[in-house]
Amino acid sequence: MKKILQKKNNIVVLLCFMTLTIYGQLSSPKDAFLEKWTHSKDYLIAIAESMPEENYMYKPTAKQMNFGEQLLHIRQNMIWLGSTYFSEKEYDKITASQVTLDTKKAILEAIQLSFDMIATIVEATPSEDLSTTVNFFAGPKSKLQILNLLQDHVTHHRGQLIVYLNLNKIKPPTYSGW
C-alpha cells in the first residue's frame with residue numbers, strides 16, 4: 001500500500017511539474033504577445049479583405065481617414081514603434097509616409113510585412129529586455145508597455161474599420177480574440 005501511495009505521489013508531483021513548466025513557457029509576456037499578434041494580423045487582414053477595393057477611399061466624415069488610410073496608419077505606427085524601440089534601424093518618418101500604396105493588394109501586402117517585421121523583432125528580443133525602460137513621448141515606458149501599445153493601436157483602428165464595413169453594409173469577419 002505504501003508503494004502505491006508513493007507512486008501516486010510521484011505521478012502527482014511529475015504532473016504538477018510538467019504543468020508548471022508548460023504553463024511557464026506559454027505564459028511569458030513575449031509568448032503571449034506573439035500569439036495575440038498573429039491572431040491580430042489574421043483578423044485585420046480578414047477585415048481589410050472584406051472591403052471592396054473601390055471602397056478603400058470611403059470615410060464616414062470629412063475629418064476622418066479613409067479605409068485605406070486607416071490601414072496605412074496602422075502600418076506606419078507598427079514600423080515606427082518597432083524600429084524605434086526594438087531595432088537598431090532608425091525610423092525615417094518622411095520616407096515611411098511617402099510610400100505610395102495605392103491598391104488594395106499593395107496595402108494588404110504592406111500590412112502583412114509590417115506584422116511579420118514586428119513578430120521577427122519581438123522573437124529576437126530577449127524576454128529580460130521587455131523590462132528595459134525607453135524614452136517615449138508620453139514619458140518613460142518599458143518595452144513591454146510599447147508592445148501593449150502596439151496591440152492597442154491596432155485594436156483601436158481595427159474597431160474603426162469595422163464601423164466602416166458596417167456603414168457600407170458589409171458584414172465584418174467574426175471576431176478572433178486569441
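A residue counts as buried when its relative accessible area is under 20%, and as exposed when that area is over 50%. With this cut-off in mind, one can begin with a single residue of this predicted model, namely Q70, which has its place in helix α3, the helix that spans residues 67-86. Because its relative accessibility is 2%, Q70 falls in the buried class. The side chain of Q70 makes a polar contact with the side chain of Q160, at 3.1 Å. When the neighbours within four places in sequence are set aside, the residues in contact with Q70 are M65, H157, Q160, L161 and Y164.

The protein chain has 178 residues, of which 38% count as buried. It contains 6 helices and 2 strands, and when these elements are read along the sequence they follow the pattern α-α-α-α-α-β-β-α. Among the contacts between residues that are at least 6 apart in sequence, 73% join residues that are at least 24 apart.

A pair of helices comes next. Helix α2, made of residues 29-50, packs with helix α6, made of residues 143-167, at an angle of about 20 degrees, and the axes of these two helices lie 10 Å apart. Since angles under 35 degrees count as roughly parallel, α2 and α6 are therefore roughly parallel to each other, and their crossing is left-handed. On the side of α2, the contact is made by P29, F33, K36, W37, S40, Y43, L44, I47 and S50, while α6 contributes L144, L147, L150, Q151, V154, R158, L161, I162 and L165. Sorted by class, the residues in this contact of α2 with α6 comprise 13 nonpolar, 3 polar and 2 charged ones.

The last stop is A124, which is found in helix α5, a helix covering residues 104-124. Is A124 buried or exposed? With a relative accessible area of 61%, A124 is exposed, whereas Q70, at 2% relative accessibility, counts as buried.

Methods
Residues are numbered from 1 along each chain as its sequence is written. This is a predicted model: local features need pLDDT of at least 70, side-chain atom pairs count only at pLDDT 80 or more; totals for chains, interfaces and linings use all residues. Side-chain values use heavy atoms; hydrogens and water are left out. Axes are lines fitted to C-alpha atoms, for helices over the stretch in contact, and angles run from 0 to 180 degrees between N-to-C directions. Helices (H or I, at least four residues) and strands (E, at least two) are DSSP runs, numbered from the N terminus. Angles under 35 degrees count as roughly parallel, over 145 as roughly antiparallel, 65 to 115 as roughly perpendicular and the rest as oblique. A crossing is left-handed if the near helix is turned anticlockwise from the far one by less than a right angle, and right-handed if clockwise. Contact means heavy atoms within 4.5 Å. Ala, Val, Leu, Ile, Met, Phe, Trp, Tyr, Cys and Pro count as nonpolar, Asp, Glu, Lys and Arg as charged, and the others, Gly among them, as polar. Buried means under 20% relative accessible area, exposed over 50%, partly exposed in between (1.4 Å probe, protein chains only). A polar contact is a pair of N or O atoms within 3.5 Å; within protein, one must be able to donate a hydrogen and the other to accept it, and residues adjacent in sequence count only if both atoms are side-chain atoms.
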